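Please examine the structure shown below. The paragraphs that follow lead through a helix, a pair of helices and a loop residue in turn.

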Amino acid sequence: VLGALESRGVLRRMSDMLEMLMKRMDILARLENSTDFHKGDEARFPLDRFQPAAGLMERIQAIAQNVSDIAMKVDQILRNSLLNGKVMEGRRDQCEVPRDPKYPDCAGKVEWMRARWTSDPCYAFFGVDGTECSFLIYLSEVEWFCPPLPWRNRTAALPSPPPLPRGQAAFQSDLAHLLELVGTGKESLSFMKKRIRHLGQQWLRAARRLQQKLKGQQRDQKHILIHIGFLTEESGDVFSPRVLKGGPLGEMVQWADILAALFLLGHSLRVTVSLKELQSHLGVPPGRGNCPLTSPLPFDLIYTDYHGLQQMKQHMGLSFKKYRCRVRVIDTFGTEPAYNHEEYATLRGFRTNWGYWNLQPTQFMTMFPHTPDNSFMGFVSEELNKTEKQLIKSNKVSSMAVVYGKEASIWKVGGKEKFLAILNKYMEIHGTVYYETQRPPEVPAFVKNHGLLPQHEFQQLLRKAKLFIGFGFPYEGPAPLEAIANGCVFLQARFNPPHSSLNHEFFRGKPTSREVSVSSQHPYAEDFIGKPHVWTVDYNNSEEFEAAIKTIMRTQVDPYLPYEYTCEGMLERIHAYIQHQDFCTTSSPPVPPKAKSPAMQSPPSPLALSPNATHLVWSPRPGRDPRAWPPLDSLQVWVSGTQHSCTQTCRLHGLVCEPTFFRFLNKKEVFLQLSIACDSTEYEMNHLYPAVAENVRECYLQKEPLLFSCAGHNPKYRRLCPCRDYRRG
């Protein structure tokens, strides 16, 4: 506070004590809620171990009293500051709120500050003292709602120095520093470091191969923050305690691989798994998160998850909106555009507990290529050399099956007795279900259960087995790819009807419909790998199931791993994203022309009818950027059927949907080029547009670029779909 430096220190100490209070309460709550404590297992947890709890409560009460005393002291300082301000500062409170049409929110923000400036200590940290001038200084220099004050010119802070020349990224050849960056203290971090070490030589060989491919291409080194939000204590971190008990590891597998790839590509990394570290790295001022950061964001990119995204929004104030274009969200199941756009999601019933962030949909990065609306991040699976592949083929036991699932709850699936009995007629069945002392009762007696195996022992099991069988859950994990890479056939159940947020609890609340694609436990394996490596059958049809088992036993299958799930494939993909994806300098979308306004004519379409007149293709034109990514000459425009999304439509033609190309289709002329008759053409917000309702000859263009979506279909519409070719695998 101006003229009272003491109060700033008090506020800092108050903030620290509040944090200490929260930690102590959290520790106490954990002690009280401890399962073993409630069991009264005195042999392992003697009662005197918990005697400090009473003393801890007294300390909490003492701290609470200190905080109360400090709050009163701060109020007193602020009141004195208000009383003395006019006398001591003279002209400092002679400020009037400027009426500048360029700053329409200024008066309203000043009014808000008058009423609420004491609601967050961060305002006092930035010098707000309750005077009009301090409000205007803050709103013009820290935030940007009011015009700069003329008399502040000579005292205002000097402009920031120009950024230092950016270094060039150089491929790394030693993972030791990365292992230090990951840190210690959690089982989840230990798991990730073990994985990085285990795959270390494959990563290094892949980095050398990519380096040769790029042939010395210049790459700017990026400063990258990796904040793994789901591992923070504030988010509950339910994963770390379950690492050694058969809990889900897919997210940690992916994060370990992301860390390895970013590091080997030569970028400068900071890794955090705590809220306090996040605040420190970002430059969050003391307080409750309502103020902007104390300095410009020192990171070019931030990789985080939904938990981390929420934490950043809570603590970055207005800076979150300013810098959110630098965020990449690791999102296992994906976020479709209809769920991402806050206003649209709220109006149309797509709002969930997640989603509604108004990010560019390609800022969300998925584990598998569920929808092209998001960026496919992926992970890696271990590669085998020729000798290892030959050894595996010669050692395969054609009558050995391994069940997918480490938790006993997976074995509770209804009707399993029927198909397991059939499988048991032909194969010896192995399980890897976690247990502490007694064999899980859910696992039938004829199954040989190995318990939870370390990764290398699990791989040895897969290398012997002929079949890896799924019970329908977990969805879309990394294990089936590992099994296929080790020469197993993956057998999974066909879902009829397909699972989605409309009919299945697991997907309810997730920001994705996935109405069509979740037709099996692992849609990627079904759609992009398929037979002979992947069989998808109806487990309720005993004849179909038995016939599949017989065929699989006599079918020779080589180990197979798609290139995109190799170390080199992931390095190449992340390199391409870092080089080409820029969400901070996107140009403004064209303004929809007003009805019957001849003054606003669209530029001519860069598309031309294909030679067989079935679709549109890119027509090379002078002045187009040859460095565009993806390349523009890969674009093909197809019209969907009424039952198909653009994702499905493109796949039917051997292509993939490319949402960045929607802007070339969103024009009235494109309907004419495709010989689609339109009695009317309207701009509206709808994730299915551009589209045509042919029965009434009404054409629709997209009003909101954030809603361009490859996902979604409706019997009323045929959609215009931007497709492109791709490298298989």
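This is a predicted model: local features need pLDDT of at least 70, side-chain atom pairs count only at pLDDT 80 or more; totals for chains, interfaces and linings use all residues.

The buried residues of α6 are Glu 132, Cys 133, Ser 134, Phe 135, Leu 136, Ile 137, Tyr 138, Leu 139 and Ser 140. These buried residues pack against α4 (106-116) and α5 (121-125).

The next element to consider is a pair of helices. The axes of α9 (residues 200-214) and α22 (residues 567-580) come within 8 Å and cross at roughly 50°. Because of that angle, α9 is oblique to α22. The crossing in which α9 passes α22 is right-handed. On the α9 side, the contact is made by Gln 202, Trp 203, Ala 206, Ala 207, Arg 209, Leu 210, Lys 213 and Leu 214. On the α22 side, Cys 567, Glu 568, Met 570, Leu 571, Glu 572 and His 575 take part. Classified by residue type, this contact of α9 with α22 comprises 8 nonpolar, 2 polar and 4 charged residues.

The last stop is a single residue. Thr 232 is placed in the loop between β1 (223-227) and α10 (250-264). Leaving aside residues up to four places away in sequence, Thr 232 touches His 227, Asp 237, Val 273, Ser 274, Leu 275 and Gln 311.

Key:
Residues are numbered from 1 along each chain as its sequence is written. Side-chain values use heavy atoms; hydrogens and water are left out. Helices (H or I, at least four residues) and strands (E, at least two) are DSSP runs, numbered from the N terminus. Contact means heavy atoms within 4.5 Å. Axes are lines fitted to C-alpha atoms, for helices over the stretch in contact, and angles run from 0 to 180 degrees between N-to-C directions. Angles under 35 degrees count as roughly parallel, over 145 as roughly antiparallel, 65 to 115 as roughly perpendicular and the rest as oblique. A crossing is left-handed if the near helix is turned anticlockwise from the far one by less than a right angle, and right-handed if clockwise. Ala, Val, Leu, Ile, Met, Phe, Trp, Tyr, Cys and Pro count as nonpolar, Asp, Glu, Lys and Arg as charged, and the others, Gly among them, as polar. Buried means under 20% relative accessible area, exposed over 50%, partly exposed in between (1.4 Å probe, protein chains only).
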